[in-house]
Amino acid sequence: MVELISVTKRFGERTVLADVSLAVQSGEVAIVCGPSGSGKSTLLRTLNRLETIDAGDIRIDGQSLYRSGLDLRELRAKVGLVFQQCHLFSHLSALANVTMPLVKVKRLGRGEARAQALALFRQFGLERRADAFPDELSGGERQRVAIVRSLALRPKVMLLDEPTSALDWCLRAEVVANVRALASRGIAQLIVTHDLDFACAAGDRFFLLQEGRLREVDNYTLACCAPEALRGLSSVPRGRLQAVAA
Amino acid sequence: MRYEVDWSILARPELAALLIDGVRYTMIVAAVSTGVSLVLGTALAIARVSGSGWLRWPAELWVNLARHIPGVFWVLFFYFAFPELLPATWGSALNGWTSFALAAGIVALSVDNATYVSDIVRTGALAIPRGEWEAARCCGLSPWQQWTCCLIPVTLRTVTPPLANRTIHNFKNSSLCMVIAVPELTWATQQIESLTFRGIEATLVATLFYVTVALALGVWARRLERGGYRHWRGAGAVWRRERGELARVDSRR
């Protein structure tokens, strides 16, 4: 479904992604962890061409993102990206944030778009907040609206950048449930996070990104056994690392 | 010599008609040139922040040239010089057109105001967080849709106060059209002064009119700013429609 083949990305002299290869299948949840500034968000942004790569190739559904004649609009509707800060459109209500792309990109009628959006709002427990504006929503609600906005376009791939950064433990469990629900619909997901508890609960496969290099690890290694690899991850519980060290 | 104010002269039908026509022409010049300059200025701003050098550099050049030229120059240019630059038949046709002075005045003020509007809108667009631009792209919107559905509405909210100031300024600038005999309010007061040798009464009425309209524009702008988008007709309509929809959903439960 999503395939990165020897991807290299540089910003000036600095190599952010070095020969990164990764494949995520439909219904699979891949989690990428790594210290701040290790290139995790850049990795996500290359997948819908918000950033271009310097070498290698990226394929979605077997088709290269760098083939000639690629329709970027179509690609971006197929690859949903939920930002860490959500970036809802501040002049539109929560519901309009979802209906507007449906009307403009999917060419649905307003009534149909509203019906679809409201169905998703109900599914995500947002129906009573649909008329609220982004500045009236809590962090968790904003996050869910952002997920709904991407999901409404029926993407084949979802990219989530720190989806739990603004959430309390209770809402975190909710996001885990949402991620698993998306996976059961056959959506491939690539999630970047610092939150190891969330990562272990939501992911199928785990990757560490350090100094531009990506390596696959199991969840035990991710959560416990590589303190030097996890250096810089803010949410690693100190007690857990000490216990492992002991 | 002591001047005695005589308000009764303004009741004379021919002078009252001059003032009423003056108000009408002032409003036409101000409203149309403000509307045109908002569109033109926004287009220039989009060109100036666009990634394409072919759009950005000509727009930058034009704005930096045009904003250093006095407004009255544009009025004189479009009325006297512009017809001469056209082929002779077109120039004669323009000069023979009875509304040419009005049209030239509107075009001149539009061009003058658009450069400032462009700077204001550009500043607002650059203040939008990068993430919001990217969110618009990630939704699969075309560049045109990104601007019209997301970026311009957000920008306009940010720049409402300076745009309101500019609109008030452009409204007052409508008086520049008197130099090409557009029968707007300032021109009308001068006519009344020439006909009656009594200028103070008409000038005071005109001043009162300018101040009242400018104050009203200022109050309207502050209400827009304070009320955010819910007072904007388009967004308000969407909001109300969605509220209605949700009320119906709730009532069905």
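# Strands, sheets and a helix, questioned

The secondary structure of chain A comes to nine helices and 10 strands. The model is a predicted one.

User: What makes β6(A) and β10(A) edge strands?

Analyst: The open sheet of six strands in chain A has the order β6-β7-β8-β3-β9-β10, and its pairing is mixed. β6 (79-82) and β10 (213-217) of chain A each have a single partner strand, so one side of each is left without a neighbour in the sheet. Neighbouring strands of this sheet are turned against each other by 20 degrees on average, direction ignored.

User: How do you know that β6(A) and β7(A) are paired?

Analyst: Two strands pair if at least two bridges are found between them. β6(A) and β7(A) have four bridges, in the parallel sense, so they are a pair. One of the residues involved is A:Leu81, whose bridge partner in β7(A) is A:Leu159.

User: Which strand do five bridges join to β7(A)?

Analyst: That strand is β8 (residues 188-192) of chain A, and it runs parallel to β7(A). A:Leu159 has A:Leu190 as its bridge partner in β8(A).

User: Why is β7(A) called largely enclosed?

Analyst: Buried means under 20% relative accessible area. Five of the five residues of β7(A) are buried, so the strand is largely enclosed by the rest of the structure. A:Val157, A:Leu159 and A:Asp161 point one way, A:Met158 and A:Leu160 point the other way, and all are buried. For chain A as a whole, buried residues make up 57% of the 246 residues.

User: In which sense do β3(A) and β9(A) pair?

Analyst: Strand β3 (residues 29-33) and strand β9 (residues 205-210) of chain A pair in the parallel sense, over four bridges. A:Cys33 stands opposite A:Leu208 in β9(A). On the sheet packs helix α5 (residues 139-152) of chain A, which touches β6 and β7 of chain A. The direction of this helix makes about 170 degrees with that of β6(A).

User: What makes β2(A) and β5(A) edge strands?

Analyst: Four strands of chain A form an open sheet in the order β2-β1-β4-β5, with antiparallel pairing. β2 (14-24) and β5 (63-64) of chain A have a single partner strand each, so one side of each lacks a neighbour in the sheet.

User: How many bridges join β4(A) and β5(A)?

Analyst: Strand β4 (residues 55-60) of chain A pairs with β5(A) in the antiparallel sense over two bridges. A:Ile60 stands opposite A:Gln63 in β5(A).

User: How do you know that the length of α2(B) agrees with that of a helix at 1.5 Å a residue?

Analyst: The 14 residues of helix α2 (residues 53-66) of chain B should span 20 Å, and the end C-alpha atoms are 19 Å apart, which agrees.

User: Why are the buried residues of α2(B) said to lie on the same side?

Analyst: B:Ala59, B:Glu60, B:Val63 and B:Ala66 are the buried residues in question. They cover an arc of only 150 degrees around the axis, which puts them on the same side of α2(B). The buried residues pack against α1 (13-49), α3 (71-85) and α5 (100-127) of chain B. The face turned away from the buried side of α2(B) carries the exposed residues B:Trp54, B:Trp57, B:Leu61 and B:Leu65.

User: Which residue caps the N-terminal end of α2(B)?

Analyst: B:Ser52 does, with a side-chain oxygen 3.2 Å from the backbone nitrogen of B:Trp54. A polar contact needs N or O atoms within 3.5 Å, so this distance is inside the cut-off.

Technical notes:
Residues are numbered from 1 along each chain as its sequence is written. Chains are lettered from A and ligands numbered from 1 in the order in which they are written. This is a predicted model: local features need pLDDT of at least 70, side-chain atom pairs count only at pLDDT 80 or more; totals for chains, interfaces and linings use all residues. Side-chain values use heavy atoms; hydrogens and water are left out. Axes are lines fitted to C-alpha atoms, for helices over the stretch in contact, and angles run from 0 to 180 degrees between N-to-C directions. Contact means heavy atoms within 4.5 Å. The expected span of a helix is 1.5 Å times one less than its number of residues. Buried means under 20% relative accessible area, exposed over 50%, partly exposed in between (1.4 Å probe, protein chains only). The arc is that of the directions from the helix axis to the C-beta atoms. A polar contact is a pair of N or O atoms within 3.5 Å; within protein, one must be able to donate a hydrogen and the other to accept it, and residues adjacent in sequence count only if both atoms are side-chain atoms.
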